[in-house]
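This report describes selected features of the structure displayed below.

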Amino acid sequence: MAGYIVKRIAVAILTLLVIICITFLLMNAVPGSPFLTEKSTPEMIARANAKYGLDKPLYVQLFNYIKNYARGDLGTSLKMQEGTSVSKIIFHQGKFALSLKLGLYALLLAVVIGIPLGCIAAYNRGKWIDGFLRVVTTVGVAVPTFVLATLLLVTFAVKLQKLPTLSGSLPDFKSYVMPVISLSFYYTCYVAKLTRTSMLDAINQDYIRTARAKGVKTRALILKHALRNSLIPVITYLGPVMAGIITGSFVVESTFSIPGLGKYFVQSVLSRDYPVIMATTVVLSALVILMNLVVDIAYKIVDPRITLTSKED
Amino acid sequence: MKKTIALLLALCMLFALAACGQSAAPAPAANDTPAAPASNDAPAAPAANDAPASNDAPAADEPFVINACIASEPETIDPGLISSVDGSTYTQHQFENLMKYKMVAENPADDANMQNTEVVLGQAASYEVSDDLCVYTFTLRDDIFWSDGEPVKAGDFVYSWQRLVDPATASDYGYFLDNIVLNAAAIQAGEKDKSELGIKAVDDKTLEITLEAPCAYFLEMCAFASLVPLRQDVVEGNDNWTDPANIVVNGPYKVVEWVHDSYLRMEPNEYYYDAANLGPDAIVWWLSDSETAILSAYQSGEYDFIENFPTDLIADLQASGDCFINPYVGTYYLYLNCSKITDWRVRAAMVLSVDRDNIVENVTQGGQVPATGFVASGILDSTGTDFAFGVSELGALYNTLQKMYPDADLSTYAGKCELAKQLYDEAVAEGAWDSGTTVVYNFNTSETHKAIAEACGHDWQDVLGMNITLENQEWATYTNGLSEHGFGVARLGWIADYNDPVTYLELMVTGNSYNYGLYSDESFDADITQAKASLAGPERDALLYRAEETLFGEGGFPVCPIYYYTNMYCMNGLTNVGYTGMGYFFFWYAQQA
């Protein structure tokens, strides 16, 4: 197991290097400059390029990025908060923490509500409750987040005035309600659908029939036998989703004025703030790689028959 | 094995919790009382306007906090680096220049709570001008201090101006003093040292500025946000000098808290000479770009003032008495690329056949004024007349054509279309234009730009039979394309930097960086050069009027002005708010309505 983790970490570093190179190349292939405004001249852009070292050859710039990342230096913002260190923006200004908090609550909600709903639907297959849940979850995965977020905002903040319009830095419970619901609704519904399908598969397996014949009670049958097996596809899905959801949502953060990482990442691309694009991509990629590793280990916990290492390891 | 898994999961959880623990700053407290402004000998606070006090006005001892949202997170609030209107607004609240904007008893729109401003002496107590009008000597006020108690010195202006033009600063407004203040252009070009800029501190209270040539709008420029004084010991060597903990200002307010991408909170600067008369106890500038969220916050009472909201709701908001429309000195226009659309008659036909009334009434719907020239309405000539209508009611866009084609009725859209068709057909008949050519119209991603492009494209197709292709690009790609001149038609907006026609007309001078349509006319260039070196007066006015008529005469039409901008805002519960046509709002003397 330890050997496996070491191997995975080595592969992760290599993957990150490839990601850095590809991001750098793509970023420079797209036309534009962080210093372009309606009133910028070629001379002004050249001066700004010289100031931030963007006039150096591309391979030198790439090498500098890699060298700085190895030292833990994520660079300095050129545009969005000119002159401020990117690590300060991401970590010390609380952007990552905000997106992470929001994402974890949304994920928690998706799991805590989605999985039981899927189980209920599967167990009551063909009954009205299954039909009802199927309609709700289908609508849930079809409705875009911005529609739901706007609907919640107008209803609960503007009309009823029960919840704050500006969630800001999420200072209290009320400020979490709408962003978390907006962010988790799609995932809750998707997890419910996924759980229902895999639970139905599990329920029809021979070992469940045998257990039922042996007189195992329905509750124990679902919770102890069927659920565990049916969770594997859900975990497979949740791994990458977790990385995505905790690193922020542009739509939710924009709608509720939350200064999180998701919004910042999208804006960095539009503003061509190269160091911010590179740094956020590296941080997000590292998270995705980490989450994939966690998922692989979680497989093992859920299903001891799965082996993580090959025989040679 | 199990231990390893447990350890790894525990580490993950710890990591997550640690990150969660980095709590961002809480929302700004509405109740914290700001430091009491130093009492000085200034007269008592001006009475609020005649607007009756609202019944639900807060108790007298409750702090008066303005919650405003004018834009999203600013790129910077460093006056030497700012280039946006919001960045300038924050600067105007924190710093005061030699000249400043003062409210006058006049409303820019039909909102009695909003007042126009004029440029008056600010940090300067007086100024003298030399006989050749090239040397300005400012004497600073005796009662001006930085927010740390240090006196404001003439050297602070020298440092700030030199820093602005220093190529190493790479300021967006580094060009601002080019050809105005002595040696500014040469310093920008790297040919001279910044110490050779035509500004020097004669002593701590006397500032001498030498110009290249007389400049009619120099005093107006001295109110501009990029030229405010800065303290060298505060700025130098500290990349984070604009952080609330480090910043030192000389204006009425000072930022005390900045939660990035959330809000900027300003409180009165107790060392400001007029601190006793300031209005709000705090101004919280909320930083958001979601129009829906901004409007929702305004409607739920969390914001008192907003600038950006969905345009399709303007009519409703105006009807409810929330939304007002101010004039804004800016022109929305299209570049007609002279290297692609080579015949001026085709360009003139395109300019004539755009139904501007339709665009402002049905597309933009924000009270914009159909453009009749390139120089924006609100820019005045030396007699105080609006330059856009200085020659005739028709405007510069049509004046020359009317003289060339006296029989045409250019006062109506039908008459304009008739002449447009005639000019276009002439060009086609003479082989100067291939009617099968497809013109590419580029615009940057925006529903409004798209709708305007569709309206113009429809008019050109309908009236002239031209083939138009619309191409949408995101901003950075779009601006890159502009400088490569690959477009047929491309949009842009230009907001005046100062109140003088030159701010627009010089964009079309041969070789100017913003002359994206590659227009070139010797007589136009000569008129602008001469006007820039002339004093305000009838002769200079005549040069500028003639230049704009040349721009829209035979061989011209490199731009197709669409409309003059307006500035829309929603305001509730405030009065005595100041405004300039450049788009800046001032809240420092605001009162509760």
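## An open sheet in chain B

In chain B, four strands make up an open sheet of mixed pairing, ordered E2-E3-E19-E20. Strands are DSSP runs of type E with at least two residues, helices are DSSP runs of type H or I with at least four, and both are numbered from the N terminus. Two strands count as paired if DSSP finds at least two bridges between them. Strands of a sheet pair through backbone hydrogen bonds, in either a parallel or an antiparallel sense.

E2(B) runs antiparallel to strand E3 (residues 114–121) of chain B, with five bridges; in this sheet, Met103(B) lies opposite Thr117(B) of E3(B). The pairing of E3(B) with E19(B) is parallel and comprises three bridges, and Gln115(B) stands opposite Gly578(B) in E19(B). Strand E19 (residues 577–579) of chain B is in turn antiparallel to E20(B), over two bridges. Gly578(B) has Phe586(B) as its bridge partner in E20(B).

## Basis of the model

The model is predicted: local features require pLDDT of at least 70 and side-chain atom pairs pLDDT 80 or more, whereas totals for chains, interfaces and linings use all residues. Residues are numbered from 1 along each chain as its sequence is written, while chains are lettered from A and ligands numbered from 1 in the order in which they are written.

## Nonpolar core

The largest nonpolar core contains 256 residues, and those with the most contacts inside it are Ala68(B), Trp285(B), Ile306(B) and Ile562(B). Such a core is a set of buried Ala, Val, Leu, Ile, Met, Phe, Trp, Tyr and Cys residues joined through C-beta atoms within 7 Å. A residue is buried if 20 or more other C-beta atoms lie within 10 Å of its own, exposed if 12 or fewer, and partly exposed in between, with C-beta atoms placed from the backbone.

Leaving aside residues up to four places away in sequence, Trp285(B) touches Ala68(B), Ile70(B), Tyr90(B), Tyr263(B) and Leu264(B). Contact here requires C-beta atoms, placed from the backbone, within 7 Å.

## Positive phi in chain B loops

Leu133(B), which is not a glycine, has a positive phi near 60°. Its loop connects strand E4 (124–129) and strand E5 (135–140) of chain B. Leu133(B) counts as partly exposed because it has 14 C-beta neighbours inside 10 Å.

Gln365(B), also not a glycine, has a positive phi of about 55°. Gln365(B) lies in the loop between helix H10 (356–364) and strand E13 (369–370) of chain B. Gln365(B) has 16 C-beta neighbours inside 10 Å and therefore counts as partly exposed.

Chain A has 13 helices and zero strands. Its C-alpha trace spans about 80 × 65 × 30 Å along the principal axes, and 41% of its 313 residues are buried. After H9(A) comes Gly215(A), with a positive phi near 90°.

The contact between the chains takes 52 residues from chain A and 50 residues from chain B. On the side of chain A that touches chain B, H5(A) gives the most, with six residues. The residues of that side divide into 27 nonpolar, 17 polar and eight charged. In this classification Ala, Val, Leu, Ile, Met, Phe, Trp, Tyr, Cys and Pro are nonpolar, Asp, Glu, Lys and Arg are charged, and the others, Gly among them, are polar.

Methods. Two residues are in contact if their C-beta atoms, placed from the backbone, lie within 7 Å.
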